[in-house]
Amino acid sequence: MAALMSDAAPGSAWGPFTIERRLGRGPSGTVYLAKEIASGRAVTLKIFHPTLSAAVLDRFETDARRLAGFKHPSILGVESFGRHGEARYLVSEAFEGRNLRDLGSKPPREAAELVLQAARGLAAGWGRLALHRNLKPENVLVGPEGRVCLSDFGFFLESTPYWSPERRQGRTADLRGDLYSLGMLFKELLRDGAPVLDELVAHLTRPEAVERIQMIEYLIARLESFLTTPAAPPGGHGPSADGPLRIGDHQLGVEFQFRAQPVAGGAGAVGGVEGEDPGLQLLQGDQAVGAAQLLGEDGIGPTPGLFA
């Protein structure tokens, strides 16, 4: 019967793991710092609640496997999805830190750096055809040296205040919903905002999806520009939202639309909320652009030459 429970006592053995301590508990399961008994290696162990349906757990497993083995500094590394008795669990890299809820608001430059890392993590997840779908303060972890990690890609059970209006209306999730959620986090995180950051937050969180920022590279470029521009002296002006955008050595001169829509042979594509599994297409005008081309081989920047 113990294998059916998501609660485990510190110091006890649970399947192939020894439980060190509980890190948190949410709607989908309980998270522990644990050690693999065979290797002694520290891991993050999430044991899913036994009340979850098989269909929900299957979807969680599908989402987890999209990121299994993928390494990116801003995504909590997913290692495996397994079973112990009738319970299911997720193993991720061990990560010591606090979440955005614990950190509270930050000055503009600190907030911009945290959101920039989170945006890079989102972009990398999209490159693996994985929507996050549940960005909230508890799923954005910050280590003692300032490393930001996104956790729980795809794991959602109930609406949160960070969901986009179209999500709350029951429409299928797409990339713009993730950007809206990131904007809501930015809004809460930002203390004594700078004009350029206030503008970004406003554009990310507009009620109508078509009026929001449509391109995560735009957001990344703006944040990088803000962080690399020297702070204004007292009475001076901070970084401007005007002028050409650049990503690396490339000026940003094109607009992209991000949306999830059915694609032939959509296996492994981005999952929708209502059971459909549409493929991911990134569109430049009417021309589809592959996610790998847009995000580049490192999952952080675009393929050289993509932007003119």
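Trainee: How many aromatic pairs does a search of the whole structure find?

Mentor: The model is predicted, so local features need pLDDT of at least 70 and side-chain atom pairs count only at pLDDT 80 or more, while totals for chains, interfaces and linings use all residues. Residues are numbered from 1 along each chain as its sequence is written, and side-chain values use heavy atoms, with hydrogens and water left out. Rings of Phe, Tyr and Trp (its six-membered ring) pair if their centres lie within 6.5 Å; planes under 30 degrees apart are stacked, over 60 edge-to-face, the rest tilted. For aromatic pairs, the search of the whole structure gives seven.

Trainee: Which kind of pair do the rings of Phe48 and Phe155 make?

Mentor: The ring centres of Phe48 and Phe155 are 5.6 Å apart. Their planes stand at 75 degrees, so the pair is edge-to-face.

Trainee: Are Phe48 and Phe155 buried or exposed?

Mentor: Buried means under 20% relative accessible area, exposed over 50%, partly exposed in between (1.4 Å probe, protein chains only). Phe48 and Phe155 also form one aromatic cluster with Phe60 and Phe81. Phe48 and Phe155 are both buried.

Trainee: Over the ring of which Trp does the charged end of Arg167 sit?

Mentor: A charge sits over a ring if NZ of Lys or CZ of Arg is within 6 Å of the ring centre and within 35 degrees of the ring normal. Arg167 lies over the face of Phe156, 5.1 Å from the ring centre. At 3.7 Å from the ring centre, its charged end also sits over Trp163.

Trainee: Which residues touch the most other members of the largest nonpolar core?

Mentor: A nonpolar core is a set of buried Ala, Val, Leu, Ile, Met, Phe, Trp, Tyr and Cys residues joined through side-chain atoms within 4.5 Å. The largest one holds 59 residues, and the members touching the most others are Leu197 and Leu223.

Trainee: Which helix gives the most to this core?

Mentor: The helix covers residues 108–127 and supplies eleven residues to the core. 15 of its 20 residues are buried, so the rest of the structure largely encloses α3.

Trainee: How far apart are the end C-alpha atoms of α3?

Mentor: The expected span of a helix is 1.5 Å times one less than its number of residues. For the 20 residues of α3, that should come to 28 Å. The model agrees, because the end C-alpha atoms lie apart by 28 Å.

Trainee: What relative accessible area does Leu179 have?

Mentor: Leu179 lies in helix α5 (residues 175–189). Contact means heavy atoms within 4.5 Å. Not counting residues up to four places away in sequence, Leu179 touches Trp126, Leu204, Ile213, Gln214, Met215, Ile216 and Leu219. Leu179 is buried, with a relative accessible area of 1%.

Note on methods: Helix = DSSP H or I, 4+ residues; strand = E, 2+ residues; numbered from the N terminus.
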